[in-house]
Structures are given as structure tokens and as C-alpha cells.
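Morning, everyone. Let me put the sequence and the structure up, and then I'll walk you through a few features.

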Amino acid sequence: MGRTLENKQQIVGELKGLLAETELALVLDFKGLSIKEMSDLRDRLRVTNSVCKVTKNTLMRRAIDGDSSWANLDSLLTGTNAFVLVKGDVGAGVKAVRSFQKEVNKSETKGALFEGKLLSQDEIKAIADLPSREELMAQIAGAINAVATKVAVGINEVPTGMARALKQHAEGGDS
């Protein structure tokens, strides 16, 4: 039994809502993946605030129709597709997909769209290699702490240096 027009409109509406919150869309060829493997991928993505949707290409075309920021996605809409829609930490979402793909060795990334631009496989890999948001925050905190420490040492060095100079002068004056 096929989907009703109302059901298709509901799916398109849901996709439009998801795309409105999405920063990056990955298109995967999911041919050959089992239900268990798809569930595993969805679980990994849930942690990164991303979702995996399997839908017909025609429904995705209707969802992106008229939205210039997603128009370039149309070129990837062939074959059996799963759409990974990343909402928050783009790097974490892409890392989760790449980790999954390395383990199951069945799924390929057809392409990705970020800020209206189609990404090459090298650009997708570069995003996956970026440090996570938490790692970046730790690096920034470390850098700020290092600067504060150097400032404190510098400020402390002024009176210490002055004391050394006075002591040297006093010792030199006694001789």
C-alpha cells in the first residue's frame, strides 16, 4: 500500500522543519545496511544532535524546492539515500558518520551540503578531522590561562626586578 497524499505532505513538512534547523546535510548511500546497522547509526547521531532520515528522493526534492540554501542538494538525489541532518556540532556529526562507516564498511558518503555549498570528499574529511567543540573550548581556556599566567609573572617581575636592582645597588654601595 502506497503513501497517501496527506502522508507525503506530512513527511515533506517534517523534512522542511528539520532542514530549517540543519547546518549540514550529508547524503549517504545506505544500500546493504541492515535495520540493526541503521539503528546503530541513528544512536550515534542522536548523541551529536543529528538525525538520519531515509526518505524518497522525490519527497526530499519537494522539501528543498524553493529554498535556495538547499537547492544544490538536488544533484545528490539519486539512488538509495539516507540523509544525515546535523544541527549542532558539525564536526561531531560527521565524525559519528565516518566512524560508523569505518566499522560497517558498507555505506558511502555521496556528498554533503554546508551553507548552500556542495562539499568535496576532502572537505568532508577535513570537517571530520576538526577538534570537537569541547576540545576547542579546552584549547581556548588553556590559551587564556597561559596569557593570564604570563601577565601575572610579568607584573610580579616588576617589583622583584626592582628589589634585585636596589639590593645590587645597596651591595655595590657598601663595597
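Start with the largest pocket. Its volume is about 190 Å³. Keep in mind that this is a predicted model.

The largest share is from α1, with three residues.

Now the sheet. β2 belongs to an open sheet of five strands. In what order do the strands run? The order is β2-β3-β1-β4-β5, with antiparallel pairing. At the edges sit β2 and β5 (117-119), and each of them pairs on one side only. On average, neighbouring strands are turned by 25° against each other, ignoring direction.

Look at one pairing in detail. β2 and β3 (residues 81-86) run antiparallel and are joined by five bridges. Serine 50 faces valine 86 of β3 there.

On to charges. Side chains of opposite charge can pair when their charged atoms come close. How many salt bridges does a search of the whole structure find? The search finds nine. I'll take three of them.

First up, glutamate 37 and lysine 106. Their side chains meet in a salt bridge at 3.1 Å, N to O. This pair links distant parts of the chain, 69 residues apart. Glutamate 37 is in helix α2 (residues 35-47), while lysine 106 is in the loop between α4 (90-104) and β4 (108-114). Are these two partners buried or exposed? Glutamate 37 has a relative accessibility of 17%, so it counts as buried, the cut-off being under 20%. Lysine 106 is at 41%, so it counts as partly exposed.

Next, stay in helix α2. Aspartate 43 makes a salt bridge with arginine 46, and their closest N and O atoms are 2.8 Å apart. Both residues lie in α2, three residues apart, which is about one turn of the helix. Aspartate 43 is partly exposed, at 41% relative accessibility. Arginine 46 is exposed, with a relative accessible area of 56%, because the cut-off for exposed is over 50%.

Then helix α5 (residues 121-129). Lysine 125 and aspartate 129 both lie in this helix, four residues apart, again about one turn. They form a salt bridge too, with the closest N and O atoms 3.0 Å apart. Lysine 125 is partly exposed, at 39% relative accessibility. Aspartate 129 is exposed, at 51%. There is also a network: salt bridges that share partners join Asp40, Arg44 and Glu103.

Last stop, helix α6 (residues 133-174). Alanine 163 is found there. For a sense of distance, take alanine 163 and valine 94. They are 69 residues apart in sequence and 57 Å apart in space, C-alpha to C-alpha.

To recap. The largest pocket has α1 as its main contributor, with three lining residues. The sheet has five strands, with β2 and β5 at the edges. The salt bridges number nine. That's my tour. Questions, please.

Terms used: Residues are numbered from 1 along each chain as its sequence is written. This is a predicted model: local features need pLDDT of at least 70, side-chain atom pairs count only at pLDDT 80 or more; totals for chains, interfaces and linings use all residues. Side-chain values use heavy atoms; hydrogens and water are left out. On a 1 Å grid over the protein atoms alone, a cavity is a set of points where a 1.4 Å probe fits but cannot get out, and a pocket is an open set with protein on both sides within 12 Å along at least five of seven lines; lining residues have an atom within 4 Å of a point. Grid points are joined across faces, edges and corners, and a volume is the space filled by probe spheres set on the points. Helices (H or I, at least four residues) and strands (E, at least two) are DSSP runs, numbered from the N terminus. Two strands pair if DSSP finds at least two bridges between them. Axes are lines fitted to C-alpha atoms, for helices over the stretch in contact, and angles run from 0 to 180 degrees between N-to-C directions. A salt bridge is a side-chain nitrogen of Lys or Arg within 4 Å of a carboxyl oxygen of Asp or Glu. Buried means under 20% relative accessible area, exposed over 50%, partly exposed in between (1.4 Å probe, protein chains only).
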